[in-house]
Amino acid sequence: MRSDRKASAPLGLKVATACGLLFLHVPILLIFVYAFTTEDKTYQWPPPGFTTQWLGVTWNRPDVWEALTVSVKVAAIATLIAIVLGTLCAAAVSGSRFFGREVISLLIILPIALPGIITGISLRSAFSLMDIPFSTWTIVLGHATFCVVVVYNNAVARFRRTSGSLIEASYDLGADGFQTFRHVVLPNIGTALLAGGMLAFALSFDEVIVTTFTAGQQQTLPIWMLEELVRPRQRPVTNVVAMVVVLVTLIPIVAAYYLTREGDQVSGAGK
Amino acid sequence: MSDTVALTDRSAPAVLTARNGVLGALSDLFWRKPKLLLFLMLLPPVLWLGIVYLGSLFALLLQSFFSIDEYSGMIKREFTLKTYGELLQPSNLDIMIRTVVMATLVTIASAVVAFPIAYYAARYARGKWKALFYLGIMLPLWSSYLVKIYAWKLILAKEGILNWALAKLHLTGLLEAWLALPIVGGNSLSVSSTGTFIVFVYVWLPFMILPIQASLERIPVSLIEASADLGASPTRSFWNVIFPLALPGVAAGSIFTFSLTLGDYIIPKIIGTSHLFIGQAVYAHQGTAGNIPLAAAFTVVPIVVMGLYLWMAKRMGAFDAI
């Protein structure tokens, strides 16, 4: 390759990249087309016609609303727990070196590194061993466990960039530990926590594998979706829900990107 | 903070400047004993992950040493390796081999598809394009997993867009010939191993792109310049300089694609044949069959395979590229 950074890419590379990106994006775009199709029995392409009637039908479906409520509730609580635990851990790990530091980072990453099915089945068998009935709270328990890592990753990256001298200066000027946290540390890590929290929310909102194990009668939106995939009842409603889910997850990702783009990259890379 | 302000009058007879109030005292204590603060900060997350996560994990592993009574269907709580013996039955070995082969193929294919994208994003995309590439990889990564699978159900359906496109291109014969093959074929793409394979590659692809891109971005331009100055053609520079330095990124990405494929049970359930994968076997054994010991023993397989894999990846330097 030439040193000239403005040199344009070889044609083969351009074509391969374009094909790869199309492969990544066309399926998601198709979801948008299918949400407006008039065909309601098959997945016929090209769609015989377009209509917006299914938006209204979906809007009036109580089961969709219930599932959405459960999902939002679970994701909100799990995110809160993850923010608290993830920040504490990130502060401890980045603030000092201590014996077992590596073990702690491994412990945080493990729930996301091991396949979800393992997390799911171990939680399920633990719940049944301890006679804990399945509820919204058991779903939250599972989600919070694997959401910690996302907040942790974002917070650790930010702590690394926050210089320790700021904190020392705050102490020198007479602030106590809590004041330092409130007025120096928090403003510094705030956006990273927000970004991490949003990614954790998106992760929890979308999670299905662990949820199938930890949910009882409650349906989160992904569980609802899974049922529709296995036994389709009303395909157009599923199409519309799929489109809405894509739109809803899009917002936090773009927002998290803009919140963290100065300096540390790849805020969501640790999914 | 209000305590500190409210309590300033009631000053204690302190040596130098001890702070007042409970918070102040705490703050001083933490300052004198940073270990204590560290301990208190680590306590909640470690308790949570240690008890909720590791606790359940160990409980599960423990159960893999129990066995199920064939007549009553009850779990016998005594130590035995019988359940692990069951794993070695031909039908279960089949499941494991199928899953590992699929994971390997998916990993190779993702690396091949991901590399050009990562390469372009790392070495050619600048400014606005760079941001677009970033979002262009992040959005599919974070889009709903089920929606992505659903999209492929639409695409691969008999009446779907892929068959329509192939018919327009007069290539339907080719697809039928492929589907007629054993193992990879089936009635239609959405119930064939080929379909499962495509969806796996699609869903995990961003996990492969990001680490490769990260490792490519870390290669100093001067290195490539040096290679060119020493007379290497661009192709030669690529294979002798860039590619070896990108390998840790590929290894890091493969950890994700491999591990995620090993544990997935939803993709092969929705798009694929009736032959089981490890994840499906675990799900079936713990669910209707109620055979928790066998399900637990099955989960040990991906753990062991991933352990070996991580060990090899570490030797290739994959962890520096995550």
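Of the 271 residues in chain A, 48% come out as buried. The model is a predicted one, and chain A is helical in its make-up, with 11 helices and zero strands. Going along the sequence, the pattern simply reads α-α-α-α-α-α-α-α-α-α-α. Taken along the principal axes, the box filled by the C-alpha atoms of chain A is roughly 70 × 65 × 30 Å. As for how the chain packs on itself, 78% of the contacts in chain A with a separation of 6 or more link residues 24 or more positions apart.

Helix α5 of chain A, residues 116-129, is worth a look. With 14 residues at 1.5 Å each, this helix should span 20 Å, and its end C-alpha atoms do sit 20 Å apart, so the two values agree. Since 12 of those 14 residues are buried, α5(A) is largely enclosed by the rest of the structure. The buried set includes Gly116(A), Ile117(A) and Ile118(A) at one stretch of the helix, along with Arg124(A), Ser125(A), Ala126(A) and Phe127(A). Just past the helix, Asp131(A) adopts a positive phi of about 55°.

Then there is the partner chain. In all, 82 residues of chain B are in contact with 75 residues of chain A. On the side of chain B that touches chain A, the top contributor is helix α3 of chain B (residues 34-63), which gives 17 residues. Sorted by class, that side of chain B has 61 nonpolar residues, 16 polar ones and five charged ones.

Technical notes
Residues are numbered from 1 along each chain as its sequence is written. Chains are lettered from A and ligands numbered from 1 in the order in which they are written. This is a predicted model: local features need pLDDT of at least 70, side-chain atom pairs count only at pLDDT 80 or more; totals for chains, interfaces and linings use all residues. Two residues are in contact if their C-beta atoms, placed from the backbone, lie within 7 Å. Helices (H or I, at least four residues) and strands (E, at least two) are DSSP runs, numbered from the N terminus. Ala, Val, Leu, Ile, Met, Phe, Trp, Tyr, Cys and Pro count as nonpolar, Asp, Glu, Lys and Arg as charged, and the others, Gly among them, as polar. The expected span of a helix is 1.5 Å times one less than its number of residues. A residue is buried if 20 or more other C-beta atoms lie within 10 Å of its own, exposed if 12 or fewer, and partly exposed in between; C-beta atoms are placed from the backbone.
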